[in-house]
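Good morning, and thank you for coming.

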Amino acid sequence: MRCHECGGTYRTRKGTLRLPDDVVKLLVVPDVEYLECDECGAQLYPWDTAKKIGDTRDRKISERLGSGWIRVKASIENRVDRKKMARTNLLVGTASQRTWLPEALLEKIGVGREKKDIRFKMANGKIVTRSIGFAIVHVDKYLTIDEVVFAEKGDLVLLGARTLEGLNVTVNPTRKKLVAAGPIPAA
Ligand SMILES: [Zn+2]
């Protein structure tokens with residue numbers, strides 16, 4: 001097979017992959033098969049190797065966050081033009097106040113930056129500034145409208161506590177899913 005980058009030839013290799021990653025910095029995946037161009041070093045991953053890379057990355061992120069985090073599929077909708085929608089996988093946990101979504105995804109569905117230079121304190125104590133927009137968030141049969149943070153390269157994408165409250169759900173870590181939170185207290 002010819003390399004798309006340089007026209008060199010892909011060779012099958014077996015060993016440890018060391019991949020730079022925005023979030024976990026370096027992803028080390030031992031004992032996998034992959035294709036590597038003998039000219040430029042470009043790599044291609046067969047399906048089971050790609051899956052192992054994804055699983056290793058998920059595990060690394062879970063280790064960093066601690067227990068009580070689950071992963072859900074969400075749909076994000078433009079609040080004005082509701083035909084503009086995108087699907088994404090999100091980590092869910094109550095340690096994050098707000099929902100963080102990739103800025104490319106929000107831009108793709110036309111979500112505007114309503115508030116700029118909002119300050120956030122990260123888990124490591126670092127202060128960063130990000131923009132906030134308004135979007136509709138769907139998870140399973142639940143939906144809400146909320147403020148969402150434009151996550152930049154290297155940020156985790158998360159469904160935060162405020163959105164969970166709007167969805168009226170809680171995280172059940174044993175069942176690894178979101179469950180209905182029950183009647184909403186009112187005065
Ligand atoms: Zn090549």
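Let me begin with a term: two residues are in contact if their C-beta atoms, placed from the backbone, lie within 7 Å. Please keep in mind also that this is a predicted model.

With that term in hand, consider Ile109. Which residues does Ile109 touch, not counting residues up to four places away in sequence? They are Ile76, Asn78, Lys84, Met85 and Ala86. Ile109 has its place in the loop between α2, residues 103–108, and β7, residues 115–121. Ile109 has 19, so it counts as partly exposed. The C-alpha atoms of Ile109 and Ala50 are separated by 28 Å, and these two residues are 59 apart along the chain.

Let us now step back to the whole protein. Its secondary structure comes to three helices and twelve strands. Taken along the principal axes, the C-alpha atoms fill a box of roughly 70 × 35 × 35 Å. Of the 187 residues, 18% are buried. Among contacts with a separation of 6 or more, 54% are between residues 24 or more positions apart.

The domain assignment gives two regions: domain 1, residues 1–47, and domain 2, residues 70–180. How far apart do the C-alpha centres of domain 1 and domain 2 lie? The answer is 32 Å.

I turn next to strands β1 and β2. Strand β1, residues 10–21, is hardly covered, for one of its twelve residues is buried. Strands β1 and β2 run antiparallel and are joined by eleven bridges. A hairpin of three residues connects β1 to β2, and Asp21 has Lys25 in β2 as its bridge partner. Strand β2 covers residues 25–37 and includes Asp31. The phi of Asp31 is near 55°, a positive value in a residue other than glycine. Asp31 counts as exposed because it has 9 C-beta neighbours inside 10 Å.

Next comes helix α1, residues 47–65. Its 19 residues reach 27 Å from the first C-alpha to the last, close to the 27 Å expected at 1.5 Å a residue. Just after α1, Gly66 takes a positive phi of about 90°.

In soluble globular proteins, nonpolar side chains tend to be buried together. Here the largest nonpolar core has 24 residues, and those with the most contacts inside it are Ala74, Leu90, Val92, Leu101, Leu106, Ala135 and Leu159. The elements that give two or more residues to this core include β4 (70–78), β5 (85–92), β8 (127–139) and α3 (161–167). Which element gives the largest share of this core? That element is β9, with four residues. As for Ala135, leaving aside its neighbours within four places in sequence, its contacts are Ile76, Glu77, Asn78, Arg79, Leu106, Val111, Asp146 and Val148.

One last residue deserves attention. Asn168 lies in the loop between α3 and β11. Asn168 has a positive phi of about 60°, although it is not a glycine. With 14 other C-beta atoms within 10 Å, Asn168 is partly exposed.

Thank you for your attention.

Terms used. Residues numbered from 1 in each chain as written. Predicted model: local features only at pLDDT ≥ 70, side-chain atom pairs only at ≥ 80, totals over all residues. Buried ≥ 20, exposed ≤ 12 C-beta atoms within 10 Å, placed from the backbone. Expected span 1.5 Å × (residues − 1). Core = buried A, V, L, I, M, F, W, Y, C linked by C-beta atoms within 7 Å. Domains from an automatic or database assignment. Pairing = 2+ DSSP bridges.
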